[in-house]
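Please have the sequence and the structure open while reading.

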Amino acid sequence: MKGIVFTEFLEMVEKEFGYNMVDDIIEASDLPSNGVYTAIGTYEFNEMTQLLGNLSSKTKIEIPTLLNTYGKYLFHTFEKNYTAFFEKETDAFNFLESIENYIHVEVKKLYPDAQLPRFETKRISDNSLEMIYSSERKMSDFAEGLIFKTLVYYKTEGDIKKEFLEEDGSVVKFTITKR
Ligand code: HEM
């Protein structure tokens, strides 16, 4: 998992819960990196699982909620650092469709070791888009936070429906409907 995902995560934890919490969750985890991350480095996904698990037990906030909040938080980082991807599209659905065939493709060129999910998208109607998420990292709640902020960014009122296609959360169908 890319370092930017860790550096931004710890920044969010510091803003929401204070620096002591950052220290506490790093201390409580067994991290090969010792909790020292650089944005361009690559670290084991297991480190994120541990940090999230410890944040959840210390704050009593469930992991899905934390991941959703983190998706919303990271959206702003993407918006700042990758402006061109957003300016290229003028509509939320076009943007969401461009993740699999363009945005994440470019990300992979920049960082060949990035571990990205797969998205299969299908237009159900003019105002409805289906998006099937697949990833062994099971971060659909994180995806949901990003999708939510995409709608806000493109000033689109809409609903996001979520359905597990695999019980373990590795394949999840989103149906996004404009109101
Ligand atoms: C400009 C926009 C975007 C950029 C630059 C971007 C880039 C990235 C990067 C760098 C990672 C980390 C890969 C790693 O740790 O190895 C990632 C992961 C991820 N991205 Fe994107 N992304 C963008 C938009 C989105 C959006 C809108 C969604 C939601 C539909 C999305 C869904 C995900 C998910 C769910 C992951 C976590 C990995 C997984 O589930 O397997 N991304 N993305």
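Begin with helix α6, which covers residues 92-110 and contains H104. The model is a predicted one. In it, the NE2 atom of H104 is 2.1 Å from the iron atom of the ligand, and H104 is the only protein donor of that iron. The side chain of H104 also has an N or O atom 3.1 Å from a nitrogen atom of the ligand.

Next, turn to the rest of the ligand. K2, H104 and Q115 are among the closest residues, together with Y133 and S135, in a surrounding set of 27.

What kinds of residues make up this shell? It has 21 nonpolar residues, four polar ones and two charged ones. Several elements of the chain contribute at least two shell residues each: α5 (83-88), α6, β2 (128-134) and α7 (140-153). The space that the ligand takes is the largest cavity.

Now step back to the whole protein. Its secondary structure consists of seven helices and four strands. Read from the N terminus, the order of elements is α-α-α-α-α-α-β-β-α-β-β. The C-alpha trace spans about 50 × 35 × 30 Å along its principal axes. The radius of gyration is 16 Å, which agrees with a compact globule, because a globule of 179 residues would have a value near 16 Å.

Definitions and conventions: Residues numbered from 1 in each chain as written. Predicted model: local features only at pLDDT ≥ 70, side-chain atom pairs only at ≥ 80, totals over all residues. Heavy atoms only, no water. Donors = N, O, S within 2.8 Å, 3.2 Å for Na, K, Ca; no water. Near = heavy atom within 4 Å. Polar contact = N/O pair within 3.5 Å; in protein donor to acceptor, adjacent residues only side chain to side chain. 1 Å grid on protein atoms, 1.4 Å probe; cavity = no way out; pocket = protein on both sides within 12 Å on 5 of 7 lines; lining within 4 Å. Sits in = over half its atoms within 2 Å of the grid points. Nonpolar A, V, L, I, M, F, W, Y, C, P; charged D, E, K, R; others polar. Rg over C-alpha atoms; globule rule 2.2 N^0.38 Å.
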